[in-house]
Amino acid sequence: MTDPVTSGASWKEAILFLVTAGVVVPLFHRLRISPVLGFIGAGALLGPSGLGRLTGTAPWLANVTIGSRSEIAHFAELGVIFLMFMIGVELSWERLRILRRLVFGLGSLQVAVSSLLLGGLLLPLGVSPTAAALVGLALALSSTAVVLPVLAEQKRLNTPAGRASFAVLLFQDLAVAPVLFAIAVLGRKDGDALGGLAVALGQAVVAVVLIVGAGRLGLRPLFQLVARTRSPELFMAACLLVIVATALVAASSGLSTTLGAFVAGLLLAETEYRRAIEATIDPFKGLLLGVFFVSVGMNLDPAQLVNAPAAILGLSFAVIALKAAVILAIARALKLSRAVAVETALLLGAGGEFAFVLIGSALTAGLVPEDLGQAALIVTTVTMVTIPILAAIARRLGRRLDRRALAHQVTAEPPPETQQGRVIVAGYGRVGRLVGEMLARHKVPYLALDMDAARVAEQRRLGNPVFFGDSANPELLRRCGIASARALVVTLDAPRSVEAVVAAGRAERPDLTIVARARDARHATALYDLGVDDAVPETIEASLQLSEAVLVDVGVPMGLVIASIHERRDEFRALLKRREEAPAPEFQARRTVGKAH
């Protein structure tokens, strides 16, 4: 009897996906193309409509193809759940308040007008109003998973066009949850539409109240308890538990699993664990979204594109042109510059990943005909493939149309949540707290990270911008805005921890100003070797402060004392840097002072 654990067939889908990820991600990263498009293409190639068609004549292909979407459906659904959870975590009331004009102005008008126009074009073709409305809504959405990485690759997320695009995508992401709920209600088969709607709304209200109530009462204590263990594995398990549990509670109440995960993300967005959760979940989200996009590609039939290329390409171009025209008109009406409006319109003209979610749910509920749904899916896929090209065109057009307007557009859009020139303080104990107080006194914005859950909770209650997390985690540093930070101050007391944070910070930003706390002169030399701009040894600083106090107490004028202390500090710094630059001796039996290399 064959052991299912060791059977190759039971692991085929997982192995195929991992091989696909191992090829697609490095290749598309090298080509500077979003891996999303590679996963969709791999799904179309390896799915039943691709190489799967040939298994009858070439049975060996069954070993390298996926027979049906149902084989990876559960993992694909988890990808969407994790995406919605991350959207909830990244969202905050403060961000909504800052971007409210673009989110609820440009975003809401874009979705409403584009949906009406796209759905209205389907009505003369004999499509039912419900199907037309759902397909119109699905096509009106743009791709968060492709547009934002493209903007990040171009380092344009914080430009006016980047912020406008993010605001529209944010509203679209918020709109997905109620649309999914509407599809679930409209798809009920009990015949009593009004009664079914009332029951569904009641269940939804109860489920949301339970999730929000339990989250408010239990999530912060749960993560405080987990954080005190300082176990990355346990913290990861707690994150996964919250996502899956809220998704299942929502599903058992008739809501979508994605809505439950989104609410859980919102609840955690205002806690001190937000940054650490983002860094922990992001790899899972990326892999599971890869499975989702592979499943999306499996739903596509390349033969349709081969049989009717002109029709599909024409429809794809029409969708992009219509959405771009709508966004351009609304953006100009809201007083955005011509360059910003054009760039935003081209970036968001293509379709998005949530079109697959909405149309898939509508097909399952029987609200959209199969042929119409498949046509909408392939049009969405074709438009998503063009996003990197559209982004490059948009950037050039934006520069050419109005360079001066781009330079002076700082008042048309609100600033991003990640503050430019913010200082990141690693460690918020006695030393870090004093650094934070001095930064605040001089009105320098900062963000602090600490691994002590109790300390973080106490400082959050006092209103200080302190978050839980390991400052040596590169992903966490990125989430905290190290790309635009003014400086990184490392105040941790453990030498190895200080060195790990310095190495991570310098790897992320070669030009970043890094100031680190050192245990002694030898540790300071090691930190200079790692690339810090300034290392402050505790022993030397304590000696200098004692010297300053005694000199003042015995009557030496304060000005002379301060000048001599500064001079001596500069001498120590120069000495430590010379040690770093000194060549290592040919034979060295024992190292006692400094660090030679």
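Modeller: Let's start with helix H2, residues 35-46: at 1.5 Å a residue, its 12 residues should span 16 Å, and the end C-alpha atoms are 16 Å apart, which agrees. The expected span is 1.5 Å times one less than the number of residues. Helices (H or I, at least four residues) and strands (E, at least two) are DSSP runs, numbered from the N terminus. Bear in mind that this is a predicted model, where local features need pLDDT of at least 70 and side-chain atom pairs count only at pLDDT 80 or more, while totals for chains, interfaces and linings use all residues. Residues are numbered from 1 along each chain as its sequence is written, and side-chain values use heavy atoms, leaving out hydrogens and water.

Back to H2: it is mostly covered, with nine of its 12 residues buried. Buried means under 20% relative accessible area, exposed means over 50%, and partly exposed is in between (1.4 Å probe, protein chains only). Among the buried residues of H2 are Val36, Leu37, Phe39, Ile40 and Leu46.

Now for the sheet. Its six strands make an open sheet in the order E3-E2-E1-E4-E5-E6, with parallel pairing; two strands pair if DSSP finds at least two bridges between them. Strand E3 (466-468) and strand E6 (534-537) stand at the edges with a single partner strand each, so one side of each has no neighbour in the sheet. On average, neighbouring strands are turned by 20° against each other, direction ignored.

H21 (residues 453-461) lies across E2 and E3, at about 150° to E3. Those angles run from 0 to 180 degrees between N-to-C directions, with axes fitted to C-alpha atoms, for helices over the stretch in contact.

One more residue to look at is Glu272, in the loop between helix H11 (257-269) and helix H12 (274-298). Glu272 is buried, with a relative accessible area of 0%. Leaving aside neighbours within four places in sequence, its contacts (heavy atoms within 4.5 Å) include Val456, Ala457, Val466 and Phe467.
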